[in-house]
Amino acid sequence: MAAPGPGEYFSVGSHVSCITCLGQRLQGEVVAFDYPSKMLTLKCAPSSGKPNLSDVVLVNLAYVSDVDVISDRTETPPSLASLNFNKLVNRARAEKEDKLSQAYAVSAGVSVEGQQLFQTIHKTIKDCRWQEKNIIVMDDVVISPPYQVDNCKGKDGSALSHVRKIVKMLLEHQISIFE
């Protein structure tokens, strides 16, 4: 069948096989099916070969020459896991702040090295922000252009020492790339 007819659908959990317009055979478990758009989502064997992973493939049935149901799921599929909306909202807010911070750095004319340093520090220390072209870390350390170890200023202590180590490691990594 090229696409399901009126009243036909694919049950979640069913196993299907189809041939795309490019002659590629796809086989997997139905994860979702949207009848109006004729979009089928399949969970297929992993292309990476890792047994604990799966490939998820979206199939537009308008571009499929043949679909065969290998096994139809007769029992009710398990209920979907509940979503933690607060966690999703917090993650979306954090991602938005990260992107705005990156956009600010570009618009402020911060060098690529400065942007890379900020991102490197931000991976381990979230309390990191821009103040014009300076990087402020935990309100204790200020790193000014050209973003070298000597440009790290703040009161002596573990925060300053830690930030200097990060800067030094990033600079050494950048040098080793070009050697």
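These legends describe close-up views of a predicted model. Residues are numbered from 1 along each chain as its sequence is written, and side-chain values use heavy atoms, with hydrogens and water left out. Local features need pLDDT of at least 70 and side-chain atom pairs count only at pLDDT 80 or more, while totals for chains, interfaces and linings use all residues.

**View 1. Two domains in the protein chain.** Domain 1 covers 14-71 and domain 2 covers 85-178. These bounds come from an automatic or database domain assignment. Taken over C-alpha atoms, the domain centres are 43 Å apart.

**View 2. Phe-10 against Phe-33.** The structure holds three aromatic pairs. Rings of Phe, Tyr and Trp (its six-membered ring) pair if their centres lie within 6.5 Å; planes under 30 degrees apart count as stacked, over 60 as edge-to-face and the rest as tilted. Phe-10 and Phe-33 pair edge-to-face, 5.1 Å centre to centre, with 90 degrees between the planes. Phe-10 lies in the segment before strand 1 (15-20) and Phe-33 in strand 2 (residues 25-34), so the pair ties together parts 23 residues apart in sequence. Strands are DSSP runs (E, at least two residues), numbered from the N terminus. Both Phe-10 and Phe-33 are buried.

View 3. Phe-33 is buried at 18% relative accessibility; Tyr-35 is partly exposed at 32%. Buried means under 20% relative accessible area, exposed over 50%, partly exposed in between (1.4 Å probe, protein chains only).

**View 4. Lys-38 over Tyr-35.** The charged end of Lys-38 sits over the Tyr-35 ring, 3.6 Å from the ring centre. The criterion is NZ of Lys or CZ of Arg within 6 Å of the ring centre and within 35 degrees of the ring normal.

Definitions and conventions. Helices (H or I, at least four residues) and strands (E, at least two) are DSSP runs, numbered from the N terminus.
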